[in-house]
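Hi everyone, thanks for coming.

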Amino acid sequence: MNADPTSDRIPRRRLRSALAVLSACGLLLTSCTATHVRLSAAHIPAGTEATTATIPVPAGLLRYYQQQLDWKPCPDKPAFQCTTLKAPRDYAHPDAGDITLAATRKRATGTGAKRIGSLLFNPGGPGSPAITALWDVADAFSPSVRAAYDLVAVDPRGVGDSTPVDCDNNTATTLLNAGVITTAGKPDFEGVDALDEEIADACRLHAGRLLPYVGTLEAARDLDLMRALVGDDRLHFIGFSYGTYLGTTYAELFPSRVGRMVLDGAVDPSIDGYHRFLDVAHGYQVAWESFAADCVTRTDCPVGHSVEEADRTLDALVAALDKNPLQPGKDVTITGQLLLAVVTEALRAPAWEELRALLSEVGHRVTTGVQKLSAADQEDSVVGDWGSTAVSCLSAPLGPRFTTAQAEAALPEFVRVSPQFGVLYSTFLQGCTHWPVGPTQPSHRITAPGTPPILVAGTTRDPATPYAWSQALARQLSSGRLLTRDGDGHTAFFQGNTCVDTAIDRYLLSGQLPPVGTVCT
C-alpha cells in the first residue's frame with residue numbers, strides 16, 4: 001500500500017486557483033527488425049537540431065504506431081476532444097495483448113506558423129488521471145501557449161479511463177486510515193503491514209496480469225506512441241511532480257525525440273524509496289515552520305506566538321484527536337492522522353489562510369474544515385489509489401520494501417528530521433513489501449545525453465518534491481537548466497509568479513532558456 005495522503009494530485013484544488021542514442025529495437029526490448037513510418041517533420045522546435053522524418057518503429061509495434069485516432073467532443077467537456085488508442089500490454093511481447101489508453105485534447109487557437117504541435121501534459125501522481133486534470137487547468141495556460149499547442153493528456157495505463165488497475169477489494173476508504181497512530185505516539189506498523197498484505201493479495205488475484213506492465217517505463221513508451229499519433233517528430237511535454245519522473249524516463253529512452261520539456265517540482269531519479277519519504281517528511285517540516293513563522297506574526301494566529309509554540313500546539317491537537325477522535329457524522333472519524341494529512345494538503349497548496357482557520361476550528365473541537373478538505377482529497381484520490389501503488393512499486397525511487405522491523409528501526413531518523421511529520425511518513429516505508437511485482441526501474445542518475453535543453457523548475461520550500469531534488473535533476477541531465485522559485489507550496493508554474501510563468505512560456509514558445517541561476521521571488 002502506497003497511499004501517501006500527500007501524494008501529488010495536482011489540479012482540482014491547487015490549480016483551479018491559478019494553480020548515446022538508444023536504438024529502437026534495444027529500448028523497446030522487441031524484435032530488431034524495424035520498419036520506418038513516415039511522420040510529419042513540421043513541428044521540430046526552432047533552434048534545435050532536426051531529426052530525420054522517418055522514425056524507426058520495430059515491426060511488432062507497427063500496428064500501434066499506424067493507428068488512426070478518432071477524436072470526438074468529450075461528453076462532459078464539449079470544449080475538449082476525447083479519443084482512445086491501443087497500446088501493447090507488454091512492449092517486449094506486443095502480440096501478448098492490448099490495453100486501452102484514453103486521451104483528451106484542446107485544439108490550439110492559432111493556425112499556420114503560430115502552431116508548434118502538441119504539448120503533452122502530466123499532472124503527477126503516480127496514479128493521478130491526466131484527463132480531468134487537463135480539463136481543470138487548460139485555461140491557466142497563457143493565450144500564447146494555447147495558440148501554439150494542442151494541449152493533450154493521456155490517462156496513464158492503470159489509471160482513470162485507461163485500462164485500470166482494479167483490485168476489487170473495497171479498500172478505497174480504508175487507505176486513508178492506514179498507519180493509525182496510537183495514543184503512545186507510535187505508528188501501528190503491524191496494522192499497516194496487515195493492510196498492505198491484504199491489498200497486495202487482492203491485486204495479485206484481480207489484476208495480476210496487468211501489474212507488471214503499469215510502470216513508468218511503459219508509460220514513457222506510451223508517451224512516444226502518442227507523440228507519433230498526433231504527428232510530432234519530437235515530444236513537447238510538461239510534467240509536474242511524478243510527471244517529471246515520467247518525462248525524465250522518456251528523455252533517457254528517447255533522447256533524439258525530446259522537444260521542449262518542462263519538469264516542474266522534480267523527482268530525483270537517483271534517490272531510493274527510503275529517501276523519497278524521509279526527504280518529504282523533512283520537506284513538510286520546513287513548510288510547516290515557514291507557515292508557523294508567518295502565522296505567529298498575526299494577531300489571530302491559532303497556534304501561539306513562536307514557531308516552537310506552534311510545534312507544541314500541533315502535537316497537542318494530534319495527540320488529543322488520537323486519544324479522543326471526533327465523530328461528527330456517520331462513517332466520519334477525525335483522528336490525529338487525518339488532521340496531519342489535511343495539514344500537509346494545506347501546506348502543499350499552499351493555503352495558509354485556510355490552514356489558520358482549520359487549526360482554530362480543531363482547537364475548539366469543530367471539524368467542518370477538516371471534513372471538507374478530507375472529503376475533497378478522497379474525491380480526487382479514490383480512483384488512483386491502486387494505480388498509485390502499482391506504479392510506485394515498479395520504480396525503486398518511489399516504492400520502498402521495508403519489513404515491519406525495518407520500518408520501526410527507521411522511526412527515530414524520521415522523527416529527527418521531522419518532529420511533526422516524521423511519524424506519519426514512516427508508515428509508508430512498508431508500502432511495497434508484499435507487492436506481487438518487484439521494481440523494474442532501479443534508482444540511478446539520468447543524464448539523457450543528446451537531448452535538446454530541458455527546463456527544470458523547483459520551489460525552495462516545496463514540501464512534496466523538495467527543492468534539492470530539482471537541483472539534483474538539473475545537474476544530472478546533460479542539457480538541464482534550473483529555474484528557481486523562492487517560495488512556498490508545491491511546484492512553480494501556475495502559482496501566480498509572473499517571473500516563473502514568463503520564463504516557462506518563453507521556453508515553450510521559442511526554446512529560449514532562462515539565464516543560468518535565475519531565481520524568481
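Let's start with a question: is the crossing of α10 and α11 right-handed or left-handed? Keep in mind that we're looking at a predicted model. Okay, the answer is that α10 and α11 cross in a right-handed way. Helix α10 covers residues 273-295 and helix α11 covers residues 307-323, and they pack at an angle of about 115 degrees with their axes 9 Å apart. On the α10 side, the contact is made by Q285, W288, E289, A292 and A293, while α11 brings in V307, A310, D311 and L314. Sort those contact residues and you get six nonpolar, one polar and two charged.

Next up, the disulfides. There are five in the structure. Count the bonded cysteines along the chain and the pattern reads 1-2, 3-4, 5-6, 7-8, 9-10.

Take C167 and C203, with S to S at 1.8 Å. The link of C167 and C203 is right-handed, with 100 degrees about the S-S bond. C167 sits in the loop between β7 and α6, and C203 in helix α7, so this pair ties together parts that are 36 residues apart in sequence.

Now C499 and C520, which are joined with S to S at 2.0 Å. Here the torsion about the S-S bond is about -55 degrees, so the disulfide is left-handed. C499 lies in helix α19 and C520 in strand β14, so the parts tied together are 21 residues apart in sequence. Buried or partly exposed, what's C499? At 34% relative accessibility, C499 counts as partly exposed, whereas C520 is buried at 0%.

How values were computed: Residues numbered from 1 in each chain as written. Predicted model: local features only at pLDDT ≥ 70, side-chain atom pairs only at ≥ 80, totals over all residues. Heavy atoms only, no water. Axes fitted to C-alpha atoms, helices over the stretch in contact; angles between N-to-C directions. Helix = DSSP H or I, 4+ residues; strand = E, 2+ residues; numbered from the N terminus. Left-handed = near helix turned anticlockwise from the far one by under 90°. Contact = heavy atoms within 4.5 Å. Nonpolar A, V, L, I, M, F, W, Y, C, P; charged D, E, K, R; others polar. Disulfide = S-S within 2.5 Å. Buried < 20%, exposed > 50% of the residue type's maximum accessible area, 1.4 Å probe, protein only.
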